Each structure stands twice: as structure tokens, then as C-alpha cells.
Amino acid sequence: MNRTEATAERGEKSNTAQLLGRAGMACYGVVHLVLAYLALQVAFGSSEQADQKGALEQIGSTAFGQVLLWVVAIGLVLFGLWQFLMAATGYEWVSGGQRTRKRIGAAARGVVVLVLGFTAFRLATGSSSGGSSSQKQQEFTGKLLSLPAGPVLVVLVAVAVLGVAIAAGIKGAKQKFLVDLNTSELPAKSRRWVAWLGTTGYLAKGVVLAVVAVLLAIAGFDSDAHKAGGLDAALKTLAAQPFGTALLTVVALGLAAFGVYCFPAAWTHKR
């Protein structure tokens with residue numbers, strides 16, 4: 001095989017990986033749309049499990065949903081693998097520290113999405129264990145607290161999560177996500193909407209992660225793992241605040257906006 005043929009073959013494989021990864025990003029959007037629906041239910045008094053696992057369970061709650069759950073599970077795994085590919089070879093359109101940060105972010109996102117994908121597979125096969133994100137967060141926090149200087153470690157994790165929350169908020173507010181998209185591929189009238197959806201979505205994710213960080217910090221300072229919590233606890237904490245229904249409704253709409261944003265982002269993401 002000569003160099004030209006080898007290059008063409010690599011390009012074809014790359015295009016296939018890109019296509020599958022983009023389809024997976026659309027599945028990631030579906031999860032966020034269902035998560036937004038669960039958050040709205042919590043806002044108006046439901047005690048549903050409002051986290052990614054709860055969203056996957058909601059997807060698979062009907063006969064058709066079981067089929068859809070398999071599709072989402074495969075898509076999430078593909079999206080996670082695509083993020084690892086982007087971490088290794090992507091973001092050539094930026095340079096220096098910005099490229100490094102984007103690649104690290106892609107690797108972290110790949111881990112999170114793969115875990116979510118395998119959770120979807122376990123739910124689809126009926127082999128998933130019980131427990132919400134908050135219960136798992138409490139278990140993890142309890143293990144950290146049992147270590148020497150455990151409370152300090154928990155607070156440091158809280159600071160790291162807060163850093164991610166702030167980064168998501170800045171990414172949304174400054175619309176830094178647009179640098180990764182070929183918005184010229186979108187109809188002119190839809191570009192503003194894509195920017196608005198991304199901004200709203202990232203800000204909402206930042207708010208939720210900030211609440212998770214606060215709960216972790218409280219658990220660390222009080223040396224009480226039961227005060228920690230994941231996404232489920234974060235949303236229910238928002239609902240318990242003054243004007244909580246209105247606040248959580250806004251956050252839920254933001255999560256829905258992010259879910260919708262994933263579709264045009266998947267279509268126009270740069271290679």
C-alpha cells in the first residue's frame with residue numbers, strides 16, 4: 001500500500017469514527033432532555049431519582065424505551081470513545097495551553113460518558129445495581145473520610161468540582177464552545193439559537209455542579225458523608241430553597257437547552 005492509499009484509509013477510518021462519535025453525542029443530548037424532564041418533576045414535588053441513571057431508567061420504562069435504551073447505551077459508549085480520540089489527536093484548530101486544556105477536558109468527559117454508557121447497558125440487560133448518584137457520592141465520600149486527612153481530601157475534591165463548575169459557566173457565558181463548531185454549516189437564522197442553547201446549557205450545568213461542590217465541602221468540613229450528594233441531591237437541594245420551584249425550573253430548562261444544543265453541535269463539531 002503506497003502512502004496516498006494509506007492516508008486515504010486513515011482518513012476513511014477517521015471519518016467513520018467521527019460519524020459514530022457525533023451520533024453518540026446526539027444520544028448524550030437525549031439523556032439531558034430526559035434529565036431535564038425529571039428535574040421539572042422534582043421542581044413540582046416529585047421524588048423521582050433526578051440524575052443520569054434516573055434518566056436512563058426513564059428511557060427504558062416502556063417496551064419501545066427498552067429498544068431506545070440499547071441505542072442510547074451504544075451511542076454513549078461511542079461518544080466516550082470519540083472523546084478519547086479527540087483527547088489524543090483532536091483540537092488542532094487551537095494551540096498551546098488551550099489545546100491541552102481541551103484535550104484534558106475531552107479525556108475526562110470520555111470517562112464520565114463511558115461510565116454512563118455502561119450503566120445504560122446494565123440497565124438494558126437488567127443487571128444494574130440500585131442506588132442513585134447521591135448514594136454513590138456518599139459512599140465515595142465516606143471512603144475518603146476514612147483515610148488520613150480524609151476531611152481535607154473531601155474539601156479538595158469539592159474545590160476541584162467547583163473549578164469544573166466555574167469552567168462550565170465561563171465556557172457558556174463567553175460562548176467558548178463555538179470555537180469547536182463549524183457554525184457556517186448551519187442555516188444563518190439558526191446560528192444565534194445554537195449559541196443561545198449552548199450558553200444556557202453550560203450555565204445550567206455549572207450551577208448544578210456548583211451545588212454538588214458545596215454539598216461535598218459541607219460533608220468535608222462536618223466529616224459527615226451523608227451530607228454529600230450527586231446530581232440528584234443537587235437538584236433536590238435547589239428545589240428546597242426559597243423560590244426553589246422557579247429556580248429549579250430555570251435549571252431544568254437550561255439542561256433541556258443543553259440537550260437540544262448537542263444535536264447541532266454533533267452535526268457541526270470540527271474534527
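I began with Thr 119, which is buried, its relative accessible area being 8%; I take buried as under 20% relative accessible area, exposed as over 50% and partly exposed as in between, with a 1.4 Å probe and protein chains only. I then noted that the model is predicted, that local features need pLDDT of at least 70, that side-chain atom pairs count only at pLDDT 80 or more, and that totals for chains, interfaces and linings use all residues. Residues are numbered from 1 along each chain as its sequence is written, and side-chain values use heavy atoms, with hydrogens and water left out.

I placed Thr 119 in helix H4, residues 96–125, where helices are DSSP runs of H or I with at least four residues, strands are runs of E with at least two, and both are numbered from the N terminus. Not counting residues up to four places away in sequence, I found that Thr 119 touches Lys 53 and Leu 56, contact meaning heavy atoms within 4.5 Å.

I looked next at His 269, which lies in the segment after helix H9 (244–268) and counts as buried at 10% relative accessibility. Leaving aside neighbours within four places in sequence, I listed the contacts of His 269 as Arg 22, Trp 82, Met 86, Tyr 91, Trp 93, Asp 180 and Leu 181.

Of the contacts with a separation of 6 or more, 73% are accounted for by residues 24 or more positions apart.

I checked the record as well: an unreviewed UniProt entry places the feature "transmembrane region" at residues 20–44, 64–85, 106–125, 145–172, 193–219 and 239–263, in the numbering used here, with feature names shortened and annotations that may be inferred rather than shown by experiment. In the model, residues 20–44 are 96% helix and 0% strand, with their end C-alpha atoms 37 Å apart, whereas residues 64–85 are 100% helix and 0% strand, with their end C-alpha atoms 32 Å apart.
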